[in-house]
Amino acid sequence: MPDPGPSPLQSSLPAAAASFGAHILANALAAGVEPAAGAGPVEPSPPSPPALPTGPPVLTPAIAHAPVPVPVPVPVPDGSAAAADAPQPSAAALERILRGPSGLGTESLHWARSEAAAAAGSAPAGPDASGPAAGRPIPGLYHHPVPDPDPVRVEELSRRIKAWALDEVSLYPEDWEDQFDGFSVGRYMVACHPDAPSIDHLMLATRLMVAENAVDDCYCEDHGGSPIGLGGRLLLAHTALDPLHTTKEYAPQWEASLLSDAPRRAYRSAMEYFVQASTPSQADRYRHDMARLHMGYLAEGAWAQTEYVPEVWEYLAMRQFNNFRPCPTITDTVGGYELPADLHAQPAMQRVIALAGNATTIVNDLYSYTKELVGPGRHLNLPVVIAEREKCSDQDAYLKAVEVHNDLMRDFEAAAAELALACPVPSVQRFLRGVAVWVDGNHYWHQTNTYRYSLPDFW
């Protein structure tokens, strides 16, 4: 399949898109919407080392927000006849709309992003290497190349996250250091959040990403994880994100439990930093998406415990919950602005976010396929499930999984374009572009992380 080139969802242009002119800004202002660019991104003050909760938290959100009326009803594409008859955005409209708004007051909604594809390096990328990245994309996979992330930011973010992991939360023992470095989380997060105003903003996402992976590894996967008793462990860990409100007699025992293991220490610390820099609605949005993630962990764990191989549709349902959704959903906090809660909750926006999470998670299934085959036990991923349930070869199952991903990606882009047409509010436009950039950055990290991933010999 020919490479489609840079995504219209993540491209940035000079400040003059012909059909996204002053009338769009006027419509937004008439609806009572304050453009996100008004005061520019707000730098979060570096939080002091988190302490155990001792009373009602004093929040210092980055951006205050009053409820924003939704300018227009947003149709939800659901495969029904009515949705099929609705006007569909053309490819030109997709490119025009999601390149970003123009006109008075919208300049800071753009961020620099080269449209050139990242050049492949001559050697595999080492852990958080700052030079050009290596790794070839999966043949036939629909994706958009992105430039290598800013090496200065990658290096500084990598230094800071390792210091947090070691010094603040004692996340891992010494013999796990190579695996931590090989994860290349600094490269990952800089690629996914190119509009982050500062390293402090990037650290918000990076701590949460590292904490989520600690829970997955230690509770579910390679480092002592087991489906037996998983529900109890996940519930107690979730209270580090969504605090327990209990009696004075029992509160000290819960507070002590937050320090009892590395995953809970990481969750607690990462969330306290996030709460200090986000609005209450952004923090609650993240908690909700983490509850979704934990429910997906439980479904996969239950299937492992009973040795059940789900139907393909059942597996895809599980993957809508056990997926990357919590990461792109915080793209506004990391960018230093807020997508208002009423706009985030719109069904059409929820569809866009769900499709983005689903597509990026199948990317993980495809790139981690060979890694999981050599791991202990039978690890469910989409190619394995297709091969089992549709009685086809490993190669045919893998290639069909590529097509499933491609369908999800095209549905994501179409849904984002429809929403951008229906709701031309600056914060919506910026959020849609931020999610699209996250999708592309996630693929970039999987493709270039040759420390962790290699492709099967199917071509």
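## Surface and overall make-up

The chain has an accessible surface of about 19,400 Å², and 58% of that belongs to carbon and sulfur atoms; areas come from the Shrake-Rupley method with a 1.4 Å probe, and for residues only the protein chains shown count as cover. This is a predicted model, so to speak of local features we need pLDDT of at least 70, while side-chain atom pairs count only at pLDDT 80 or more and totals for chains, interfaces and linings use all residues. Residues are numbered from 1 along each chain as its sequence is written, and side-chain values use heavy atoms, with hydrogens and water left out.

On secondary structure, the chain comes to 19 helices and 0 strands. Those are DSSP runs numbered from the N terminus (helices are H or I, at least four residues; strands are E, at least two). Of the 459 residues in the chain, 53% are buried, where buried means under 20% relative accessible area, exposed means over 50%, and partly exposed is in between (1.4 Å probe, protein chains only). Look at contacts with a separation of 6 or more, and 82% of them in the chain are between residues 24 or more positions apart; a contact here is heavy atoms within 4.5 Å.

## The nonpolar core

The largest nonpolar core has 108 residues, and W164, L171, Y188, F412 and V428 have the most contacts inside it. Helix α7 (residues 199-220) gives the largest share of this core, with 14 residues. For the record, such a core is a set of buried Ala, Val, Leu, Ile, Met, Phe, Trp, Tyr and Cys residues joined through side-chain atoms within 4.5 Å. As background, nonpolar side chains tend to be buried together in soluble globular proteins.

## Helices α11 and α12

Helix α11 (residues 280-306) and helix α12 (residues 312-321) have axes that come within 7 Å and cross at roughly 145 degrees. Axes are lines fitted to C-alpha atoms, for helices over the stretch in contact, and angles run from 0 to 180 degrees between N-to-C directions.

On the α11 side, R292, L293, M295, G296, A299, E300 and W303 meet E314, Y315, M318 and F321 of α12. By class, that contact has 7 nonpolar, 1 polar and 3 charged residues. The classes go like this: Ala, Val, Leu, Ile, Met, Phe, Trp, Tyr, Cys and Pro are nonpolar, Asp, Glu, Lys and Arg are charged, and the others, Gly among them, are polar.

## Cysteines

The disulfide count is 0, taking a disulfide as a pair of cysteine sulfur atoms within 2.5 Å. For C218, the nearest cysteine sulfur is that of C220, 9.6 Å away. C218 is buried at 18% relative accessible area.

C327 is buried too, at 8%. Its closest cysteine sulfur is in C192, and at 7.9 Å that is too far for a bond.

V384 lies in helix α17 (residues 382-389) and is buried at 14% relative accessibility. Leaving aside neighbours within four places in sequence, V384 is in contact with Y369, R378 and H379. Its C-alpha is 9.7 Å from that of V312, 72 residues apart along the chain.

Most residues other than glycine have a negative phi. S170 has a positive phi of about 45 degrees; this serine lies in the loop between α4 (151-168) and α5 (177-182) and is partly exposed at 44%. K391 also has a positive phi, about 50 degrees. K391 is in the loop between α17 and α18 (394-422) and is exposed, with a relative accessible area of 67%.
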